[in-house]
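Trainee: I would like to go through this structure term by term. Please show me the chain before we start.

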Amino acid sequence: MLAGLWASWMLDGLEVTIIGALGAVLTSPHTLNLSPQAVGASGSCYLAGAVAGALLFGAATDRFGRRRIFFLTLGCYLAGVALSAFAWNGAALGAFRLLTGLGIGGEYAAVNSAVDELIVTAASAPPRGAGLFAGHCLPEFG
């Protein structure tokens, strides 16, 4: 399950990097011809989806089980990424990035609850938030 946590961190980092790297390409007249504001809005759609996914799927993990929700969110993520590749305008790209964010946010919720159960005592492991903090902050420093 720890591999799932690292995988969701890596996928999240990959998604943020993709929009950063493709921002200039998306503004080209030969592609979607988006404005820089529309490219930024697609990143905001992804972030909003991640927050909403964590809230929605977090509650669902307790009700329907982590494994089932993990696979559901993985499918949501994969569908969002695949559809993003075929976006025909900025609105479609934003909607598909929202779907991608829903999947990533849901994966965070499903995997983190499983990791919380694996960490039994404070003496046997670092504080629960330490891994999450490191996972989000270390990529920023290279």
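What follows is a talk about the terms used for this predicted model and the values behind them.

Mentor: Ground rules come first. Residues are numbered from 1 along each chain as its sequence is written, and side-chain values use heavy atoms, with hydrogens and water left out. The model is predicted: local features need pLDDT of at least 70, side-chain atom pairs count only at pLDDT 80 or more, and totals for chains, interfaces and linings use all residues.

Trainee: What makes up the secondary structure of the protein?

Mentor: The protein has 5 helices and 0 strands. From the N terminus on, the order is α-α-α-α-α. Helices (H or I, at least four residues) and strands (E, at least two) are DSSP runs, numbered from the N terminus.

Trainee: How do you know that the span of H2 is close to the expected one?

Mentor: The expected span is 1.5 Å times one less than the number of residues. H2 has 29 residues, and the expected value is 42 Å. From first C-alpha to last, H2 reaches 40 Å. Gly 65 follows H2, with a positive phi near 100 degrees.

Trainee: What stands out about the phi of Asn 33?

Mentor: The phi of Asn 33 is near 55 degrees, a positive value in a residue other than glycine. Most residues other than glycine have a negative phi. Asn 33 sits in the loop between H1 and H2.

Trainee: Why is Thr 73 called buried?

Mentor: Buried means under 20% relative accessible area, exposed over 50%, and partly exposed in between (1.4 Å probe, protein chains only). Thr 73 has 0% relative accessibility, so Thr 73 counts as buried. Thr 73 lies in helix H3 (residues 66-85). Leaving out residues up to four places away in sequence, Thr 73 touches Phe 57, Gly 103, Gly 106 and Glu 107. Contact means heavy atoms within 4.5 Å.

Trainee: And Leu 72, is that residue buried or partly exposed?

Mentor: Leu 72 has a relative accessible area of 48%, so Leu 72 is partly exposed. Leu 72 also lies in helix H3.

Trainee: Which residues of H2 are buried?

Mentor: Among them are Tyr 46, Gly 49, Gly 53 and Phe 57. Phe 57 and Tyr 108 are 51 residues apart in sequence, yet 9.1 Å apart in space, C-alpha to C-alpha. Tyr 108 is found in helix H4. Its relative accessible area is 12%, so Tyr 108 is buried.

Trainee: What makes Leu 47, Val 51 and Leu 55 a patch?

Mentor: Patches are made of residues with over 30% relative accessible area and no salt bridge; like charges are joined within 9 Å, nonpolar side chains (Val, Leu, Ile, Met, Phe, Trp, Tyr) within 5 Å. Leu 47, Val 51 and Leu 55 form a nonpolar patch on the surface, with about 320 Å² of accessible area together. Areas come from the Shrake-Rupley method with a 1.4 Å probe; for residues, only the protein chains shown count as cover. Leu 55 is at 64%, so Leu 55 counts as exposed.

Trainee: How do you know that Arg 97 and Glu 15 form a salt bridge?

Mentor: A salt bridge is a side-chain nitrogen of Lys or Arg within 4 Å of a carboxyl oxygen of Asp or Glu. The closest N and O atoms of Arg 97 and Glu 15 are 2.6 Å apart. The pair links distant parts of the chain, 82 residues apart: Arg 97 in helix H4 (residues 90-118), Glu 15 in helix H1 (residues 2-26). Arg 97 is buried because its relative accessible area is 4%. Glu 15 is buried because its relative accessible area is 2%. The structure holds 1 salt bridge.

Trainee: Why is the pair of Phe 70 and Phe 71 called edge-to-face?

Mentor: Rings of Phe, Tyr and Trp (its six-membered ring) pair if their centres lie within 6.5 Å; planes under 30 degrees apart count as stacked, over 60 as edge-to-face and the rest as tilted. A search of the whole structure finds 2 aromatic pairs. The centres of Phe 70 and Phe 71 are 5.7 Å apart and the planes are at 70 degrees, so this pair is edge-to-face. For Trp 88 and Phe 96, the centres are 5.7 Å apart and the planes at 80 degrees, so that pair is edge-to-face. Trp 88 counts as exposed because its relative accessibility is 60%. Phe 96 is at 14%, so Phe 96 counts as buried.
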